[in-house]
Amino acid sequence: MEAPLLHSSNGYEEEVYEEEVEKRLGKRVMEESKRLWMLSGPAIFTAICQYSLGALTQTFTGQVSALALAAVSVENSVIAGLAFGVMLGMGSALETLCGQAYGAGKITMLGIYMQRSWVILFVTSLILVPVYVFSSSILKLFGQTDEIAEITGKFAIWMLPQLFAYALNFPIQKFLQAQGKFFVMAFVAGVVLVIHVVLSWLLILKLGWGLVGAAVSLNLSWWLVVIGQLAYIFIWKSDGAWTGFSFQAFKDLFGFVKLSLASAVMLCLEFWYLMVVIVITGHLKNPLIAVDAISVCMNINGWDIMIAIGFNAAISVRVSNELGAGKPQAAKFAVLVVSATSIAIGLVCMALVLGTRDYFPYLFTNSAEVRKEVTKLALLLATTVLLNSLQPVLSGVAIGAGWQALVAYINIGCYYIVGLPAGLLLGFKFDFGVEGVWGGMIGGIVLQTIVLVIVTSCTNWNREASEAGNRIRRWGGSVAED
């Protein structure tokens, strides 16, 4: 009789132990999810507000004339889009460095890192100035009509102040992100968006300034974003992370430049990849309907990417903070939680696209042919939306851990050696049109996602934490000894 009782007792103890483990795991998941949403929620809001600055400017100028709309659209998507990708990429090196330094408790290093990034991005801005000045000739070289190229070139020169606002803004944002100051960024972005709407209406429509008004309102709005964030840093000292201007900013620049270039290549290769679809589609037979349809899909995809950008920023901060603090298992757990959350949201968005594929085209066009083509492309759009839920998270992990150079090579191989040629082959050689082009390029995203999943799964997080400590000591200079 004793054996069954003993067995029963052991079974009971095992059940209690399993329940206790499940409770602890559930509690950890809830705590990590709370951290995730506290970071990603304001980050998503900030991304949407800043994305809306250019989009609303296009909306207001569209009421002036078709030519004015074309000028703003081309400048925003091509000239400013090029600069945005480069500057965002260069500034993303700070996500690694500031995040790991903050996690390690080296708070004063954040201000030094930000100043170093300002130096590097200011020089990058000067290098990009000729792209703005000679944009008219560049656009003509790529086949743009003389009329649109000329007025876009003039508008691009007026938008040079925005370029230098980028140089200050992205390092500031990474500086604030590393400390979890997402609500500050969200507040500034929300206030500026309201000001931008009023200012655009006043200058573009009410006073009739047209393109000049568009340039003034957009430039001023981006500089208000910079000024608002700087005011917070300078006045509140950002909890000791900002200790004033220092000549330390000019030391150890080579390592910064190297990581900044790797970050720029990595993000630009991702940022421009799907933009290439629209360019390629313009070379298909009877491209007008296809280009309009793909533009509608990319518009929806652009808004969805704003959600992905929020998760990208959140996981980058979590990974870099935990590695900097010497907590590799916490970093690994954060990756698992954010990946599961993001995939769940991706599945919901995918279902939403498929469920409304016969209806959402009416929001964008009155053309029955375009609506029919958009409906045909809905499956590809839904697939892209699902991939957008995980791929940016993995990129955020790479930034947080400092793998930018590795991911840049992965992106080149998957996107431009596999995906792009596959899209061209399917679209032109096998005559699948826009579906073939987009489908082939989705294949590149799938391959890149699989490779990043493998890399992340095989990561030695203890080694990554050790490397984070080495990076802080190597690039911290004398500040690291404080």
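## Lining of the largest cavity

In this predicted model, the residues that line the largest cavity divide into six nonpolar, four polar and one charged (Ala, Val, Leu, Ile, Met, Phe, Trp, Tyr, Cys and Pro count as nonpolar, Asp, Glu, Lys and Arg as charged, and the others, Gly among them, as polar). The lining comprises D304, I307, A308, F311, S342, I345, G346, C349, V385, N388 and S389, and the elements that give two or more residues to it are helix 12 (287-324), helix 13 (328-355) and helix 14 (368-401).

About 80 Å³ of space lies in this cavity, and the structure holds one cavity of 30 Å³ or more. A cavity is a set of points on a 1 Å grid over the protein atoms alone where a 1.4 Å probe fits but cannot get out, and lining residues have an atom within 4 Å of a point.

## Helix 6

The end C-alpha atoms of helix 6 (residues 146-158) are 19 Å apart, which agrees with the 18 Å that its 13 residues should span at 1.5 Å a residue (1.5 Å times one less than the number of residues). Its buried residues (under 20% relative accessible area, 1.4 Å probe, protein chains only) are I148, A149, T152, G153, F155 and A156.

## Confidence and conventions

The chain averages a pLDDT (the predictor's confidence in each residue, from 0 to 100) of 83, and 90% of the residues score at least 70.

Residues are numbered from 1 along each chain as its sequence is written, and side-chain values use heavy atoms, with hydrogens and water left out. Local features need pLDDT of at least 70 and side-chain atom pairs count only at pLDDT 80 or more, whereas totals for chains, interfaces and linings use all residues.

Note on methods: 1 Å grid on protein atoms, 1.4 Å probe; cavity = no way out; pocket = protein on both sides within 12 Å on 5 of 7 lines; lining within 4 Å. Points joined across faces, edges and corners; volume = space filled by probe spheres on them. Helix = DSSP H or I, 4+ residues; strand = E, 2+ residues; numbered from the N terminus. Buried < 20%, exposed > 50% of the residue type's maximum accessible area, 1.4 Å probe, protein only.
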